[in-house]
Amino acid sequence: MVKCDVEYIHPYGRGFIVYTDKPWLQGKIYLTQKEIIIVGEKEHKIPLISIISVDKRITLPAIKEGRPTLLIEFLDIISREKIYTLFSGYGNCIRNFKKSLLTLLISSIPINYKIGDDWSKGFLRVGKSELTFIPTNYTINVENILKLERRTISTGFSNVGVIYIKEKKEDEIKDIYVITPPLKRDFFWQLFNLIVEEYMYSQIISKLNKTERLVLLLVNQGASIDEILQKHQLSQEEFEGIVEKLQDMGLIKKIIILKITDKGKKVVENITE
């Protein structure tokens, strides 16, 4: 069970109506294998099977800086209407709650997947930094993902939306295609991106201090050495030390030489944020 202390608005909206004047309430949310439980002024339960979308792009109220949100859209079983519930909290709890929720949501969704030249049917299991395809038990480690994108492929008589993963394991490169039910595809897409971002933060961004991040960002933007030294009042020796560290981590190569790749772009996006 995953739980978070939150502020929440329930319902935040019904159908196409969004309530922008509703007050935030204090409470807790719990995630079980079958439902989200909201405990506050009243207790509410959202069955996982009824969830339609997670973090759909709609108008949100003003949020305090640094406070992440989680927007759930679900179908009320009794009224048969779509309802939005909005959660907000501090720290990493909301992010971890979302990852756990998406992991549960996709666990029972059947998929078709192609690894190399072979198509298979099955399910996906998600670990801390790996994706495992069942029943083949083929595992992708996040550090080996070179590209992650949404594509359309032809299946003979129609075009189908897929999630495309390019994996490099040692010297071998594999193309992997994942076909999911169209209405559930965004669950997979968001979860894949969350895992990649977590890897970037834990393995790369967290190892850089503020000055090193700024230097890397300026290098990516094409700034000259003189511009970087002047902007941060660094000595030549300090700058060379930072560049050496970035080279040892492979970031100079990823961002300058290979910055057109998705992995390079993701590092820069995280540094910018």
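1. Helix 2 is the main contributor to the largest pocket: with eight residues, helix 2 gives the most to the lining. Keep in mind that this is a predicted model.

2. The largest pocket has a volume of about 920 Å³. Its lining draws two or more residues from each of these elements: strand 6 (51-54), strand 7 (69-75), helix 1 (93-107) and helix 2 (185-203).

3. In total, 32 residues line the largest pocket. Nearest its centre lie Asp55, Lys98, Gln190, Leu194 and Glu197. By class, the lining holds 13 charged, 12 nonpolar and seven polar residues.

4. Now the helix pair. Helix 1 and helix 2 pack with their axes 9 Å apart, at an angle of about 135°. Helix 1 therefore counts as oblique to helix 2. The crossing of helix 1 past helix 2 is left-handed.

5. Which residues of helix 1 and helix 2 meet? From helix 1 come Arg95, Asn96, Lys98, Lys99, Leu102, Thr103, Leu105 and Ile106. From helix 2 come Phe187, Phe188, Gln190, Leu191, Leu194, Ile195, Glu197 and Glu198. This contact has eight nonpolar, five charged and three polar residues.

6. Pocket and helix contact share residues. Lys98 in helix 1 is part of the contact with helix 2, and Lys98 is also among the residues nearest the pocket centre. On the helix 2 side, Gln190, Leu194 and Glu197 take part in the contact; these three, too, are among the residues nearest the centre of the largest pocket.

Methods
Residues numbered from 1 in each chain as written. Predicted model: local features only at pLDDT ≥ 70, side-chain atom pairs only at ≥ 80, totals over all residues. Heavy atoms only, no water. 1 Å grid on protein atoms, 1.4 Å probe; cavity = no way out; pocket = protein on both sides within 12 Å on 5 of 7 lines; lining within 4 Å. Points joined across faces, edges and corners; volume = space filled by probe spheres on them. Helix = DSSP H or I, 4+ residues; strand = E, 2+ residues; numbered from the N terminus. Nonpolar A, V, L, I, M, F, W, Y, C, P; charged D, E, K, R; others polar. Axes fitted to C-alpha atoms, helices over the stretch in contact; angles between N-to-C directions. Parallel < 35°, antiparallel > 145°, perpendicular 65-115°, else oblique. Left-handed = near helix turned anticlockwise from the far one by under 90°. Contact = heavy atoms within 4.5 Å.
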